[in-house]
Amino acid sequence: MYIKIAPKVRVYITNEQIAFINKYRKHEYFRNTTLEVNEIETAKILANKSILVRKKLDNDVQYALNRRIRFVDDDYKK
């Protein structure tokens, strides 16, 4: 599945990343210390893909879902 982060910019995400997004979609924000070990790596990858917004705190990292993203089906350009 693709996520549209800007006009003409799409990013591919895996099923594991979709499950992570659906799990934390309803939260306004969440912190790195509340995540499990395997979820921390997924959060870092999604932040690098601009799907999550990362805010570095003194002792922790706070993540929030980017409000401007849109889910797009797997379609091919002609």
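Student: How many positive and negative side chains does the protein chain have?

Tutor: There are 17 positive and 10 negative ones. Lys and Arg count as positive and Asp and Glu as negative, while His and the chain ends are not counted.

Student: And how far apart are the centres of the two sets?

Tutor: They lie 9 Å apart, with each charge placed at NZ of Lys, CZ of Arg, CG of Asp or CD of Glu. Keep in mind that this is a predicted model, where local features need pLDDT of at least 70, side-chain atom pairs count only at pLDDT 80 or more, and totals for chains, interfaces and linings use all residues. Residues are numbered from 1 along each chain as its sequence is written, and side-chain values use heavy atoms, leaving out hydrogens and water.

Student: OK, new topic. Which elements does the chain have, and in what order?

Tutor: From the N terminus on, they run β-β-α-β-α-β-β-β, which comes to two helices and six strands. Both kinds are DSSP runs numbered from the N terminus: helices are H or I with at least four residues, strands are E with at least two.

Student: What's the strand order in the open sheet?

Tutor: It goes β3-β5-β4, with antiparallel pairing. The edge strands, β3 (30-31) and β4, each pair on one side only. Two strands pair if DSSP finds at least two bridges between them.

Student: Which residue in β5 is the bridge partner of Arg-54?

Tutor: Tyr-63. Tyr-63 is also the bridge partner of Phe-30.

Student: What percentage of the chain counts as buried?

Tutor: 31% of the 78 residues. Buried means under 20% relative accessible area, exposed over 50%, and partly exposed in between, using a 1.4 Å probe and protein chains only.

Student: Back to Phe-20. Which residues does it touch?

Tutor: Not counting residues up to four places away in sequence, Phe-20 touches Phe-30, Leu-35, Glu-39, Thr-42, Ala-43, Leu-46 and Leu-52. Contact means heavy atoms within 4.5 Å.
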